[in-house]
Amino acid sequence: MESSTNWRGFQEKNYPGEHLTLEELRNRRAENGYIYSTMPDYPRPQFHLFYVKHDTNRVGLEGIHADKGFRSGIRSGSEDPCLWWSMVVTPKDIQSAEDRMLEETYPDRTEEQRLMQPRFLADFATSAAFRETSRLGSFRFTFTLREVLDAYGEQFCDGKKPVMRVYKTTMYKKEIMYAVLVHSPKLNGEFSHFPLLTDDASPVCGYNKEAGHMIWKAEAMCDTHRYRLMRADTENRMTAEPWNEFPKYFVWDNVTLAFHVGDEVWTFGRDKLRDSLTISSPDCITIGTEFFDRPAALRIVQRLWPEYQEDRVEPDQDVEERGKY
């Protein structure tokens, strides 16, 4: 384990080359009081995620527009050669994960039991990983995962497939981040000490190459617990039941992708950037950046892309449609 302070001034504890479950972190006596809290039963579903996002502030937006793409912070003095993206979890992703969880737990459900099963997983999806708000700025770029992997392969890998590796587990006060490193095959020698990312055999996350989605086995969906998972096994049924008048705080986890770009600009083109851009509202917790209300943010965007229209469509495609990307 390595302790450090990141460029935003936050203390972090890193476990390079490993994606550690909560139980594994406890077994290593990780220094985090929240992970040892006794919590009510809660679900740990498997999500299949098809979209990634990159949030930024006004300065970042203007730089992306000028460069026609993205860059790491190296030219600004950072030592990190990676560009970071977060996974997007849509309401349909939550429903699909719930259906998958029920089918795996109760494969013998009758049709009547399926029809009588209430929705429950969304009640637990309360952490920042599931919210549409932003902690890092008013401007969000959203792409399909396959789209960014293909674009990265074309520019950085001479048209070959990027390599994905288990980068690290990073633990903050109330957040656990599982980072996946994406790099060119030309850098296999430099990064061979990080294990290759597999498919769903991984205890935390993996990548399904055929379907083009990230697999995330959530360890902690709720940063604040208000419900407990109730199972009625004789009825092949799960529900979310109110648990406590006073919510209990815990950690939350998420998956991020670190694309190794060095000091190069990862170009996407003016129109593609415009079409992927949306305006975000601030989260309840923001990280040292300036936010704008929607009219002000829209004016900023339209000064850069005059033809930009506000009625952007958020990602929420049907599963059948996703396979087309």
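Tutor: A nonpolar core is a set of buried Ala, Val, Leu, Ile, Met, Phe, Trp, Tyr and Cys residues joined through side-chain atoms within 4.5 Å. Keep in mind that this model is predicted.

Student: How many residues does the largest nonpolar core have, and which have the most contacts inside it?

Tutor: The largest core holds 80 residues, and Phe47 and Trp266 have the most contacts within it. Helix α8 gives the most to this core, six residues. A second, separate core has nine residues, among them Tyr167 and Phe191.

Student: What does Trp266 touch?

Tutor: Leaving aside residues up to four places away in sequence, Trp266 touches several aromatic residues, including Phe70, Trp85, Tyr152, Phe156 and Phe259. Lys68 and Gln155 are also among its contacts.

Student: Which residues of α8 are buried, and what covers them?

Tutor: Buried means under 20% relative accessible area. In α8, residues 294–304, that applies to Ala296, Ala297, Leu298, Ile300, Val301 and Leu304. Their cover includes helices α2 and α7 and strands β7 and β18. At the start of α8, a side-chain oxygen of Asp293 comes within 2.9 Å of the backbone nitrogen of Ala296.

Student: In what order do the strands of the open sheet stand?

Tutor: Two strands pair if DSSP finds at least two bridges between them. Here the order of the three strands is β3-β11-β10, with antiparallel pairing. β3 and β10 are at the edges with a single partner strand each, so one side of each has no neighbour in the sheet. Neighbouring strands are turned by 20° against each other on average, direction ignored.

Student: How many bridges join β10 to β11?

Tutor: Four. Cys205, for instance, has Trp216 in β11 as its bridge partner.

Conventions:
Residues are numbered from 1 along each chain as its sequence is written. This is a predicted model: local features need pLDDT of at least 70, side-chain atom pairs count only at pLDDT 80 or more; totals for chains, interfaces and linings use all residues. Side-chain values use heavy atoms; hydrogens and water are left out. Buried means under 20% relative accessible area, exposed over 50%, partly exposed in between (1.4 Å probe, protein chains only). Helices (H or I, at least four residues) and strands (E, at least two) are DSSP runs, numbered from the N terminus. Contact means heavy atoms within 4.5 Å. A polar contact is a pair of N or O atoms within 3.5 Å; within protein, one must be able to donate a hydrogen and the other to accept it, and residues adjacent in sequence count only if both atoms are side-chain atoms. Axes are lines fitted to C-alpha atoms, for helices over the stretch in contact, and angles run from 0 to 180 degrees between N-to-C directions.
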